[in-house]
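Trainee: I am new to this structure. Can we go through some of the labels used for it and the reasons behind them?
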Amino acid sequence: MTTGKSFRLYTHPAGGWDALKATAAALTLQGAAIKGAGTLLKMNQPEGFDCPGCAWPDPKHTSSFEFCENGAKALAWEATAARCTPQFFAAHTVEDLTSWSDYELEMQGRLTHPMVYDAASDRYVPIGWDDAFATIARHLDGLSTPDAAEFYTSGRTSNEAAFLYQIFVREFGTNNFPDCSNMCHEPTSVGLPASIGVGKGTCLLEDFDVTDAIFIFGQNPGTNSPRMMSTLRSASRRGARIISFNPFRERALERFQAPQDPVEMGTLTSTPISEHIYQVRVGGDSAALKGMMKAMVEADDEAAARAGPLVLDWDFIRGHTVGIEALIEDLRQTDWGVIERQSGLTRAELTTVAKIYAEAPSAILVYGMGLTQHERGAENVRQIANLALLRGNVGRPGAGICPVRGHSNVQGDRTVGITEKPSADLLDRIEARFGFEPPRRHGHDVVTALQAMIAGTSKVFIGMGGNFAAAIPDWDLTRTAIRNLDLTVHVSTKLNRSHLVHGREALILPCLARSEIDVQASGPQSITVEDSMSMVHASAGSNPPASEHLLSEPAIVAGIAKATLGASSKVDWDAMVADYDQIREAIEAVFPIFQAYNERIRRPGGFHLASSARERIWNTDTGKANFLVFEGVEEDVHETDASVLRLTTMRSHDQYNTTIYSSSDRYRGVFGRRDVLFLNEREIERRGYRSGDVVDVTTASLDGRERVVRGLTIRAHALPDGCCGAYYPEVNPLVPLYAHDAISHTPSSKSVPVRLSPSTGPGDAAGKPR
């Protein structure tokens, strides 16, 4: 970890020698240099294990070097030689640990024993697995209603564990499934179905090999999905046009040096990635998308007037879509001045990019959380669909919609039933397979679960992985609610902030990591995961478990279920855990899309879950793809006060989700610190500050509550006017719980109205807790 605080201009390309140095340093820091290097060669391989990091798909013909810098760091963190033992907990009270940074907590290493909170000593102490399960059962059985419990799932959970989890919870009697996807790509899951009939992307990795153009919206692949860089590099080198929209000029969107390429590494050269990077204003993506579409409609009108080739794909539009008339009317009525003001881009720029898109025989539209984490995130996603449909870029080679999911199985968890709004058909199939009647009423997502905790109607929280207390918005409000719960339970591999923001009673249940061998009664087991492009493949660890006291996630779920439901359960939990093939047979029975599940995952590379939209089968109410109008151009509730900036949260290059690998962010020239606020030089001067000044950042709240993060140091950086950026999760306290997408309930973390003031107190955003 870099200890000295500094800002230094970083001029190297993404990837390259610096990525290799960082990989080696991470393995050495965790005492895993030898074991980790060997294990890396098994990551993302057909006979190996799936990366615990991002969800970018594996090539069908994998090389011996199919990992990236951040994947290597994720492996180093779970294959670490450090151990967080009962002796560590005996030496530290929870109050003491609360003052530690998130980095310091995770650096204690792998959890080795189940632990229970002892209020008298303010310490976690060891507990046996049977006693831990009995404690959970006592609380769950004592609830006045099953709906008073919240069952959270993170993307690290396998298909097998997630399926067992949702079966247990539904047999218990609730559909309360707050899930990590609620905080990131839920606008995709609920927004796309209305447009194209499926809540997933329509691309395969092979489409990137033949596409003519790639348009990237609100996605920083170099940090959040670095293996994607190899795909973009290959596309760029064969001549595909790549256009990016992002408030930041991210280094990986500019140029990339492939660590796998000896020529680039030896000559210190790199490959340019984006032909253009359009720095759209924070919260201005919908305006940019409407500007592109408006320019295409105007060009189509001009072409029709001179009897030339039309711009829009009218054969596709007439044969496969409805709603084009309303969309065109809305685009014609939308003023160019408003589009320019909201997007931060000029009419000329948007007309240029629209021409590039229209001239591409095939195009892929990629997007990330920069598009989804807004108060109109689901509608943003639908504008991506509109743009694709105008040119027929769905359901043909080299074209499609490509949402880039964050965690490696966040999409798979949803596919196997982690949803608070189950369909009647799903519940019928569960009842037919298991013989119990699941609840029909809808349950809680993250926002409604937090609202129930605040109201005092939820009493128990059980989390399958993740770092819930760090990931959620509005910390002062939501963490207080968590501390008032009767019981919190976290299934984890390492110590994190959520273990310290706990209920009156609390349990930490340590589980196997993805890189570790999982042996059950029938022998070594494999689990399965689904990537961003709906490829399902097996994953089997090769390292010995970090402790003999660890259980697998399926075994933990089964232990809780048996203790809670007892002999009345209709599920043979022991048989399921003894042989994960039986879990997969049950998944296949409930979800026919998994036909021949066990057979197909034994094939190298796994199999693809068919996408109806990819086949141009539209499972919508109209039976066709739908053009859906986005009224206006604003993604969020805007303040008119000139003192208000639009803040976007972001991740550093040296973190993954809430896991902080160091306090540096080399691509942005930040070293040894995270207490940083990025603004452009014009905004800094306009507001009477200088780069290096320390400020407090306060939300322009609409409910009268003060939300403030103190002690951020201003750093000049190329951003649009009226915008600023700061690191997640440290500035999550600024994101109001009320500021979320009305359709998906995803918090608006990528567009928060804030004001600056000279700092009045010590900083609390340098990786320190609140």
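Trainee: Where is H745 found?
Mentor: In this predicted model, H745 sits in the loop between β32 and β33.

Trainee: What makes the phi of H745 worth a remark?
Mentor: Its value is positive, near 70°, and H745 is not a glycine. Most residues other than glycine have a negative phi.

Trainee: Why does H745 count as partly exposed?
Mentor: Buried means under 20% relative accessible area, and exposed means over 50%. H745 has 21% relative accessibility, so H745 counts as partly exposed.

Trainee: Which peptide bond is cis?
Mentor: The one that joins Y728 and P729, with omega about 5°. Most peptide bonds are trans. P729 is found in the loop between β32 (723–727) and β33 (752–758).

Trainee: What about R616: where is it, and what is its phi?
Mentor: R616 lies in the loop between β23 (607–608) and β24 (625–626). Its phi is positive, about 60°, although R616 is not a glycine. At 25% relative accessibility, R616 counts as partly exposed.

Trainee: Why is the pair of W77 and Y661 called edge-to-face?
Mentor: Ring centres must lie within 6.5 Å to pair, and planes over 60 degrees apart count as edge-to-face. Here the centres are 4.8 Å apart and the planes stand at 70°, so the pair is edge-to-face. The structure holds 26 aromatic pairs.

Trainee: What does the pair of W77 and Y661 tie together?
Mentor: Parts that are 584 residues apart in sequence, because W77 lies in helix α3 (residues 69–78) and Y661 in the loop between β27 (659–660) and β28 (670–671). Both W77 and Y661 are buried.

Trainee: Which residues form one aromatic cluster?
Mentor: F88, F89, W100, Y117 and Y124.

Trainee: Why is α15 called roughly parallel to α21?
Mentor: Helix α15 (residues 285–305) and helix α21 (residues 377–390) pack at about 20°, with axes 10 Å apart. Angles under 35 degrees count as roughly parallel, so α15 is roughly parallel to α21. Their crossing is left-handed.

Trainee: Which residues of α15 and α21 meet?
Mentor: From α15, they include L289 and M292; from α21, they include I384 and L387. By class, the contact of α15 with α21 has seven nonpolar, four polar and no charged residues.

Trainee: At what angle do α24 and α26 pack?
Mentor: Helix α24 (residues 446–455) and helix α26 (residues 475–483) pack at about 65°, with axes 8 Å apart. L450, M453 and I454 in α24 meet L477, T478, A481 and I482 in α26. That contact has six nonpolar, one polar and no charged residues.

Technical notes
Residues are numbered from 1 along each chain as its sequence is written. This is a predicted model: local features need pLDDT of at least 70, side-chain atom pairs count only at pLDDT 80 or more; totals for chains, interfaces and linings use all residues. Side-chain values use heavy atoms; hydrogens and water are left out. Axes are lines fitted to C-alpha atoms, for helices over the stretch in contact, and angles run from 0 to 180 degrees between N-to-C directions. Helices (H or I, at least four residues) and strands (E, at least two) are DSSP runs, numbered from the N terminus. Contact means heavy atoms within 4.5 Å. Ala, Val, Leu, Ile, Met, Phe, Trp, Tyr, Cys and Pro count as nonpolar, Asp, Glu, Lys and Arg as charged, and the others, Gly among them, as polar. Angles under 35 degrees count as roughly parallel, over 145 as roughly antiparallel, 65 to 115 as roughly perpendicular and the rest as oblique. A crossing is left-handed if the near helix is turned anticlockwise from the far one by less than a right angle, and right-handed if clockwise. Rings of Phe, Tyr and Trp (its six-membered ring) pair if their centres lie within 6.5 Å; planes under 30 degrees apart count as stacked, over 60 as edge-to-face and the rest as tilted. Buried means under 20% relative accessible area, exposed over 50%, partly exposed in between (1.4 Å probe, protein chains only).
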